[in-house]
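I opened my notebook to record, entry by entry, what I looked up in this structure. The sequence and the model come first, and my notes follow.

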Amino acid sequence: MLGSSRILRVVVFFSAAFASYAQFGESDESSLRYFEDQFYIGTGINFLTDRPENVVQNSLSYNLQLGFIKDIPINRARNFGLGLGLGYAINSYYSNIRADNSGAEIAYSILDSEDDFRRNKLATHAIEMPLELRWRTSTATDYKFWRIYGGLRFAYVFSGSSKLVLEEGNSLNIEDDVIRFSNSDIRDFQYGLTLSFGYNTFNIHSYYSLNPLLNDGIVLDNGETIDARVFRIGIIFYIL
């Protein structure tokens, strides 16, 4: 038979082993449960690419966005994952492309003289769905880390408008100082590539649209097609 001292040593050994295993299991289970679910808010500058000749941007074409992204880790270390989100965005595009709804259809032309107008804006409000492939250096206890998030962003534009603010005594022979209307020529469904990278809360964000801003077949009064797309650069803040 085992002596009492040997039995005591065996009991102590297995008790210590069980305690160590339990502690490891809790820590390991905790690390397997954490997610990088995040709220985001960002702002940026919109640039029109592939725009017609003589079309220029003026003033600051801005973007504002906010939303929530659900994190879906795809490896045990949880430094790779997918992100699926839902958000809201406001975009403005200032240029010299004039939209005119005085006829049966919206007509487009180029404002030649900046002396005729103060601001000429196309604005949109959209519901967005980001889809991201995510890499980060985070752990269950480290909330300051490097990240690179790339993917696609889909948007449904539920409201769009054109607004022209004229100078007094303009050469366009238009009496109204402000002309604004709901613009049905803005493409409802838009999508593009995104890339965000940075450290901790502060990150650089970029977007490039894969389809034009306006519907297909929209032309200027000179017959040139308006096939302008959007490139955006700005900053985005991720908040756990």
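Entry on Asn-203. I looked up where Asn-203 sits in this predicted model, and I found the residue in strand β10, which covers residues 202–209. Next I looked for what the side chain of Asn-203 reaches, and I wrote down the backbone nitrogen of Gly-198 at 3.2 Å. A polar atom of the side chain of Asn-203 also lies 2.9 Å from the backbone oxygen of Thr-201.

Entry on the whole protein. I stepped back to see how the elements are laid out, and I listed 1 helix and 11 strands. Read from the N terminus on, the order of the elements is α-β-β-β-β-β-β-β-β-β-β-β. I also looked up how much of the protein is buried, and the buried residues come to 40% of the 240 residues.

Entry on backbone angles. I searched for positive phi values in residues other than glycine, and Ser-59 came up with a phi of about 65°. I placed Ser-59 in the loop between β1, residues 38–49, and β2, residues 62–73. Arg-78, which is not a glycine either, has a positive phi near 65°, and I found this residue in the loop between β2 and β3, the latter being residues 80–94. I then checked the cover of Arg-78, and with a relative accessible area of 8% the residue is buried, because that value falls under 20%.

Entry on Phe-47. I located Phe-47 in strand β1, and I noted the residue as partly exposed, with a relative accessible area of 36%. I also looked up how Phe-47 stands to Tyr-62, and the two are 15 residues apart in sequence, while their C-alpha atoms are 9.1 Å apart in space.

Entry on surface charge. Which residues gather in a patch of negative charge on the surface? I wrote down Glu-168, Glu-175, Asp-176 and Asp-177. I followed up one of them, Asp-177, and found it in the loop between β7, residues 146–166, and β8, residues 178–182.

Notes. Residues numbered from 1 in each chain as written. Predicted model: local features only at pLDDT ≥ 70, side-chain atom pairs only at ≥ 80, totals over all residues. Heavy atoms only, no water. Helix = DSSP H or I, 4+ residues; strand = E, 2+ residues; numbered from the N terminus. Buried < 20%, exposed > 50% of the residue type's maximum accessible area, 1.4 Å probe, protein only. Patch = residues over 30% accessible without salt bridge, like charges linked within 9 Å, V, L, I, M, F, W, Y side chains within 5 Å. Areas by Shrake-Rupley, 256 points an atom, 1.4 Å probe, with all protein chains shown as cover. Salt bridge = Lys/Arg side-chain N within 4 Å of Asp/Glu carboxyl O. Lys, Arg positive; Asp, Glu negative; His and termini not counted. Charge placed at Lys NZ, Arg CZ, Asp CG, Glu CD. Polar contact = N/O pair within 3.5 Å; in protein donor to acceptor, adjacent residues only side chain to side chain.
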